[in-house]
Amino acid sequence: MKRWLIGLLVACFALSMFGSGQLEIFSWWTGGGEEEGLLALIELFNEQYPDVRVINATVAGGAGVNAKAVLKTRMLGNNPPDSFQVHAGEELTDTYVITGYMEPITQYLKDWGVYDKFPPSIMEICSYKGEVYSIPVNVHRGNVVFYNMAIAKEIGMTSAPRSMDEFRYYLQKAKDKGYIGLSLGDKDKWEAGHLFETLLLSTYGPDRYNKLWDGSQSFDHYALRKAFERLASLVPFFNSDHAALTWQDASRLVYEKRAFANIMGDWAEGYFKTMGWEPGVDFGWFAVPETQDTFMVVSDTFGLPKNAPNRENALRWLQFIASVEAQDTFNPIKGSIPARMDADYSKYDVYLQWCLDDFATLALSPSIAHGSAAPEGFATAMNDVVNRFITTLNVDQAIQGIFFAAEDEDYTIN
Ligand code: GAL
């Protein structure tokens, strides 16, 4: 065979092994902690595939508040990115799978030898009718209170409050000392919805809360009233400018020692760490009181849209994020635990060790605000109701709002 032909064949083989061309990854990870995690992931991908040009397509806004709308327009216009961040659960299935926009990837997971490497509870919400549609890159915990340890010392909090009464006691003490008790930044609305869903969990308990999503538990229960009453009891501890702030701004108030605590998913852990804070030294944490028995699950996943322009590279990306190496690079920065069960747990800090233990032993409940429990229509309506409630404190009106939202949606988990 001619030399040049051999050379050409070798080059073609090398290109098919290592890839070339481009890869567009779409997400909303632009802020403290999130961006660092994503960039570390892309860097590692590029070490393995140096000839693939990664287009890091991001649309800012926590919880995908803006990105989701842009993505939907692109998907509807048959202009999908090669792969995109999507929450496991209804956000994936209701919005993209049932509507026919995604390719099943079950067989790839089997070919790559990773099909059984993820917890069944997470794989279930990445699947629809027996086929897997996305790969979980992490598991975040939603029901966490993060607090400033210096303030905790000043107010004499030596152990985590276990009841709402105890929690409010410390919030009051912090307030008496001139601090914001509980910071909130609900500029994008979902942040208040996020806080509220942890209160729903505290009043319904994990069994009843989980049954809300298959229809076997009605919202028409005193736990709903109680959740709104709990929220009302926390409002006096909020910063007055909460409607102008984002989740990062609210975390920053804790970091700047202006607020004692903040209820947020543990992407806030990633945020604190990128600000130079150390878990267990500068900031502490505990489960939202009366939800200690539950891990509120938020899982970021990536899937394969039909007509991905660079399908081969999209598959390379999916195989890559399914690897232990990628998960152990991303998650310690992001403030989440790996979805892979065989990850190297020694790479995770003291906070994430706490999460790893709790994830393995507690009841798991899906988040509403982060797309797992209910379709987007319900989450959006809930966020509106909660934001209105924070100014009106009208419990009856808020309960009616949730009833209407629930009637409008079929939020059965598939
Ligand atoms: C969640 C997402 C997290 C984090 C957070 C704030 O919805 O799952 O990874 O990005 O929003 O933006």
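Buried here means under 20% relative accessible area, and the model to which these legends refer is a predicted one.

**View 1**
A search of the whole structure finds zero disulfides.

**View 2. The open sheet of three strands, in the order E7-E12-E14.**
The pairing within this sheet is mixed, and its edge strands, each of which pairs on one side only, are E7 (140–141) and E14 (363–366). Strand E12 (residues 294–298) runs parallel to E14 and is joined to it by four bridges, with threonine 294 standing opposite alanine 363 in E14.

**View 3. The salt bridge between lysine 189 and aspartate 384.**
The closest N and O atoms of this pair are 2.8 Å apart. Lysine 189 sits in the loop between strand E9 (180–183) and helix H9 (190–211), whereas aspartate 384 belongs to helix H16 (residues 376–392), so that the pair links distant parts of the chain, 195 residues apart.

**View 4. The salt bridge between arginine 225 and aspartate 396.**
Here the closest N and O atoms are 2.7 Å apart. Because arginine 225 lies in helix H10 (residues 222–234) and aspartate 396 in helix H17 (residues 395–408), the pair ties together parts that are 171 residues apart in sequence. Arginine 225 is partly exposed, with a relative accessible area of 35%, and aspartate 396 is partly exposed at 48%.

Methods. Residues numbered from 1 in each chain as written. Predicted model: local features only at pLDDT ≥ 70, side-chain atom pairs only at ≥ 80, totals over all residues. Heavy atoms only, no water. Pairing = 2+ DSSP bridges. Helix = DSSP H or I, 4+ residues; strand = E, 2+ residues; numbered from the N terminus. Disulfide = S-S within 2.5 Å. Salt bridge = Lys/Arg side-chain N within 4 Å of Asp/Glu carboxyl O. Buried < 20%, exposed > 50% of the residue type's maximum accessible area, 1.4 Å probe, protein only.
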